[in-house]
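The sequence and structure come first.

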Amino acid sequence: MSNILLCDANFCLIPIFQAIKTKPNSSLSVIGSILSDPLHSLADKSINLDYSDTNSLSLHIHDNNYDNIIPGCNDRAYISLAKIADKTYFPGFDNYATSLNIHHKDKFRALAEKFNYPIPKAINTVEKINQINFPVLIKPIDSFSGKGINKANNIHELHDYWEIAEQCSSSGLAIAEEFIEGNLYSHSAFIKNRKIIIDFFVNEYCTVYPYQVNSSNIATLLNKKIEKELRDWVEKFANDLELCDGLIHTQFISDNEEFTLIEIARRCPGDLYSQLIQKSTGINYAELYILPFLGIELPNKVEIQEEKFISRHTVSTDEECIFLSSSINLQCLKVENIQLKNSGEKMKRAPFDKSGIYFIEHESKEDMEELTKKLKDFVVIDQFTI
């Protein structure tokens, strides 16, 4: 009987949870401090513990003799487990120093400068502002989902937003990057022996909160030259850092001629990104994600199984409200609504909350490409403002 720990119990881990549960002779525990998260009621065992407390997490893992530990869909879960895996061997993790270099924005910047990766110019203290040009994006070095990110057009805004970014950082640190014009994309690649076995390019749109993705679809119009260059970079990155097998998830900005790296992660993206890939291609993304952490070898190659024209849209608002219901007024083949809020529940403004996630199947790739970036305009949220 394999004793497996999944770090976090959030709704976005449900596909990962399901993939683990298909494995025979296994017992699955979930850990997290928000007991209302759904996996606490679904797992074989539920542990109420803040996994950012690595000392307590390490003691729990040691005392319960887990065979495998699997991170959820945020950097904190991955980094906490990577720190423990560095001292007590568990498969699927790079060493802890490498994990920090990838997931902390300031450390990745130093790494990128060393290896000459394409990144925006940046500073790590306000006093260095004369080294870069306005406008700039100010970010916490270790936050996610767009929290604490703001665009500053002048020195006065810089000081205000820097303080906000520091408050949103668990380490109290921020950076400022030159603002890059272009479209936002993600690239999810699974590597084996530092070679890509399957990958996916996705259009990403931020239409409610400017630094949180709320609409996305498989990209069909991205320049093939950019795709090749990203693939070449991922394999170079894997070799430069001697990465283990598994997922490399990259956000980048491109004008369809060149690309600039924004963020890199080795954990699964959130908001049911894995389901967007599976519904669009037939590939079980969550299954591929968990295999290295279970010590199971990835296949040498994975082929796309089908092509469907799917959009994903997370429902959020730019003001705090009482959520009542949502609907979507759009002609399409199919709509699936993953409801996360009950009628009458309070909903915080983006990027701190969402009421649900829509998956929309379009009749053609042209419809998908045209409508995904406009989905906010078709979603009707019945609410009243607090």
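## Sheet, helices, cores and cysteines

Strands E5 and E8 (residues 174-178) pair in the antiparallel sense over two bridges. Strands here are DSSP runs of E with at least two residues, helices are runs of H or I with at least four, and both are numbered from the N terminus; two strands pair if DSSP finds at least two bridges between them. The model is predicted, so local features need pLDDT of at least 70 and side-chain atom pairs count only at pLDDT 80 or more, while totals for chains, interfaces and linings use all residues. Residues are numbered from 1 along each chain as its sequence is written, and side-chain values use heavy atoms, with hydrogens and water left out.

The bridge partner of Ile123 in E8 is Ala176. Helix H6 (residues 105-115) packs on the sheet and touches E5, strand E6 (136-140) and E8; contact means heavy atoms within 4.5 Å. The direction of H6 makes about 50 degrees with that of E8. Such angles run from 0 to 180 degrees between N-to-C directions, with axes fitted as lines to C-alpha atoms, for helices over the stretch in contact.

The open sheet has four strands in the order E5-E8-E6-E7, and the pairing is antiparallel. Strand E5 (122-123) and strand E7 (150-152) are at the edges with a single partner strand each, so one side of each has no neighbour in the sheet. Helix H7 (residues 155-167) lies across E5, E6, E7 and E8 and runs at about 25 degrees to E6.

Helix H3 (residues 54-64) has the buried residues Thr54, Leu57, His60 and Ile61. Buried means under 20% relative accessible area, exposed over 50%, and partly exposed in between, with a 1.4 Å probe and protein chains only. Seen down the axis of H3, these buried residues fall within an arc of 125 degrees, so they line one face of the helix; the arc is that of the directions from the helix axis to the C-beta atoms. Asn55, Leu59, His62 and Asp63, on the other side of H3, are exposed. The buried residues of H3 pack against strands E1 (2-7), E2 (26-32), E3 (45-48) and E4 (68-71) and against helix H4 (75-87). Just after H3, Asn65 has a positive phi of about 50 degrees.

A nonpolar core is a set of buried Ala, Val, Leu, Ile, Met, Phe, Trp, Tyr and Cys residues joined through side-chain atoms within 4.5 Å. The largest has 60 residues, of which Leu6, Ile16, Leu57, Ile61, Ile70, Phe190 and Tyr289 touch the most other members. H4 gives the most to this core, with six residues. Another core, of 25 residues, lies apart from it and includes Ala189, Trp233, Phe237 and Leu243.

A search of the whole structure finds zero disulfides, a disulfide being a pair of cysteine sulfur atoms within 2.5 Å. The table takes two of the cysteines.

| Cysteine | Relative accessibility | Nearest cysteine sulfur | Distance |
|---|---|---|---|
| Cys73 | 8%, buried | Cys12 | 3.8 Å |
| Cys321 | 0%, buried | Cys206 | 20 Å |

The sulfur of Cys73 is too far from that of Cys12 for a bond. Leaving aside neighbours within four places in sequence, Cys73 is among the contacts of Ile16, as are Leu6, Ile70, Cys268, Ala286, Tyr289 and Ile290.
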